[in-house]
Amino acid sequence: MTEQEAKRRFADARVARLATIDANDTPHLVPICFAVDQATDTIYSAVDAKPKTTPGLKRLRNIQHNANVTLLVDHYEDDWAKVWWVRVDGMAAVHDTHEHGRELLAGKYPQYRDNSGALGRMVVIDATRWASWAYSDPV
């Protein structure tokens, strides 16, 4: 798939997997909601009001230790001709707030529109590399 198509599929996805690395170089993987600013290749994900075991989330601690992250969006069907994935590598930072990120998330997810005050700290990822694969791509 083209990079443009990969970016479209990624941006349209409802959930991604965020991979971070902890202080012991152990990977940590979590599903996230996210929004993309396609003009800047910047990805936003908020710590929201869904129940959590602690406000000091491991992904936030990991990003403060090592800003290198990877995101993955994929699509699977039993008809393997429709299988694809898009991976984004980038540099992440944690912000106490980020108005543009809030606006993008509220534009994508009704839950954020209805309760934008429920958005806390923001993970902001500057994409540095896009990779993708689709079964139907020519080899």
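Because the model is predicted, local features are described at a pLDDT of at least 70 and side-chain atom pairs at pLDDT 80 or more, while totals for chains, interfaces and linings use all residues. Residues are numbered from 1 along each chain as its sequence is written, and side-chain values use heavy atoms, with hydrogens and water left out.

A pair of aromatic rings is described by the distance of the centres and the angle of the planes. Here, rings of Phe, Tyr and Trp (for Trp, the six-membered ring) are paired if their centres lie within 6.5 Å; planes under 30 degrees apart are called stacked, those over 60 edge-to-face, and the rest tilted. Four aromatic pairs are found by this rule. In one of them, Phe10 and Phe34 are tilted, with 4.9 Å from centre to centre and 50° between the planes. Phe10 belongs to helix 1 (residues 3-12) and Phe34 to the loop between strand 2 (27-32) and strand 3 (35-37), so the pair ties together parts that are 24 residues apart in sequence. Helices (H or I, at least four residues) and strands (E, at least two) are DSSP runs, numbered from the N terminus.

Phe10 also pairs with Trp130: the ring centres are 5.4 Å apart and the planes stand at 90°, so this pair is edge-to-face. It links distant parts of the chain, as Phe10 is in helix 1 and Trp130 is in strand 7 (residues 122-134), 120 residues apart. Together, Phe10, Phe34 and Trp130 form one aromatic cluster.

Phe10 and Phe34 are both buried, Phe10 with a relative accessible area of 0%. Trp130, at 14% relative accessibility, counts as buried too.

The picture then moves to strand 4 (residues 42-46). Five of its five residues are buried, so strand 4 is largely enclosed by the rest of the structure. Thr42, Tyr44 and Ala46 point one way from the strand, whereas Ile43 and Ser45 point the other way. Two strands are said to pair if DSSP finds at least two bridges between them. Strand 4 pairs with strand 3 in the antiparallel sense over three bridges, and Val36 has Ile43 of strand 4 as its bridge partner. Four residues stand between the strands in this hairpin, where Asp41 takes a positive phi near 55°. Strand 4 also pairs with strand 7, again in the antiparallel sense, over five bridges; here Thr42 stands opposite Asp126.

Charged side chains come next. A salt bridge is a side-chain nitrogen of Lys or Arg within 4 Å of a carboxyl oxygen of Asp or Glu, and the whole structure holds 11 of them. Glu3 and Lys7 meet in a salt bridge with an N to O distance of 3.1 Å; both lie in helix 1, four residues apart, about one turn of the helix. Glu3 is partly exposed, with a relative accessible area of 46%. Arg8 and Asp12 form another, the closest N and O atoms being 2.8 Å apart. Being four residues apart in helix 1, Arg8 and Asp12 are likewise separated by about one helical turn. Arg8 counts as partly exposed at 39% relative accessibility, and so does Asp12 at 47%. Glu5, Arg8, Arg9 and Asp12 are linked in a network of salt bridges.

Lys58 lies in helix 2 (residues 58-65) and Asp22 in the loop between strand 1 (16-21) and strand 2, so the pair ties together parts that are 36 residues apart in sequence. Lys58 is partly exposed at 30% relative accessibility, whereas Asp22 is buried, with a relative accessible area of 10%.

Terms used: Buried means under 20% relative accessible area, exposed over 50%, partly exposed in between (1.4 Å probe, protein chains only).
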